[in-house]
Amino acid sequence: MRKSVYLPILISFIAVLVTGCVINVTPQNLIYQSPKVETLNLTNFQEKAFKDGISVAIKSIAITGVRGNKIRGVQVLYQGAKANIVLFGGNGSTINKSASKLHRLGSIPANIIWFDYPGAGISDKPADMKPEHMLQDAMAVYDYATEKLRNDKPMLIHGVDLGTAVATYVALERNPDGLVLEGAVVNLTQLIYDNSPGWSAWLTRYKLSDSLKAVDNAYQVGTYTGPLLVIVGEKDKKTPPKYSQILYQVSPSENKNLVVVEGAEHNNVLTSPIAVEAYQAFIKSL
């Protein structure tokens, strides 16, 4: 998740700074939307795979969302894969911007399916930005993945920052073999306040729409009983370790692990051998 994701909210904040008032936070000004539909570009990913001498097959894929819009993504198959991963990325973390994450997950090794969210990256913009429609699309993505990746390998759902709330929701609905939360969020109210200027509290306050207030990842994780791996960077300032610790504590899972990666920040957790080894151990435990 990048600071630019919150730019519309921060601009609104500046606009009301003098008077001090309420800033309404809606799906339209919180959920990242690209200026236009992008063309898939995996040149950097392919070059990295070639440089590392890794055998990988990648192709573009697409499904139709509940609102009739096209949702596009990629299917990546790694030689010797030990698991299948359905990835729900962070807010603003599109495939074109973050293709290196595919390679990091592939190093486990694992097969990966990743779709850009509606209106972001290579996916078409939907008619509305209702979170309930976004979650229906996410379940369709998971169903597509289980249909396409038919093998004897464990099926995992992996969520990143805001995508952890989406991932947990789908896990509760679809019962995968395991759930991985990276740089997790607890709820959106806390996330927004923690990513706002510290001196803003006495000048203004944020009012979330009902649909955003309903996003409670702690409650969701507290009802998920399947295998759980929680990974976070020690120096993650956007979704700090305290969030992951809360989720780990409320989890009723009998197979759960919290890994705080020393020295890692928000966007480089999976570059650490510690994170990769924890992932590999988690897969072996399934």
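Which residues does A81 touch, not counting residues up to four places away in sequence?

Guide: Happy to! First, this is a predicted model, where local features need pLDDT of at least 70, side-chain atom pairs count only at pLDDT 80 or more, and totals for chains, interfaces and linings use all residues. Residues are numbered from 1 along each chain as its sequence is written, and side-chain values use heavy atoms, with hydrogens and water left out.

Beyond four places in sequence, A81 touches P109, A110, N111 and K153 (contact means heavy atoms within 4.5 Å). A81 sits in the loop between β3 (70-78) and β4 (84-88); strands (E, at least two residues) and helices (H or I, at least four) are DSSP runs, numbered from the N terminus. Because its relative accessibility is 10%, A81 counts as buried (under 20% relative accessible area; exposed is over 50%, partly exposed in between, with a 1.4 Å probe and protein chains only).

Strand β5 (residues 111-115) has 5 of its 5 residues buried, so it is largely enclosed by the rest of the structure. N111, I113 and F115 point one way from β5, while I112 and W114 point the other way.

Now for the neighbours of β5. It pairs with β3 in the antiparallel sense over 4 bridges (pairing requires at least two DSSP bridges between two strands), and G73 has F115 as its bridge partner. β4 runs parallel to β5, joined by 4 bridges, with N84 opposite N111.
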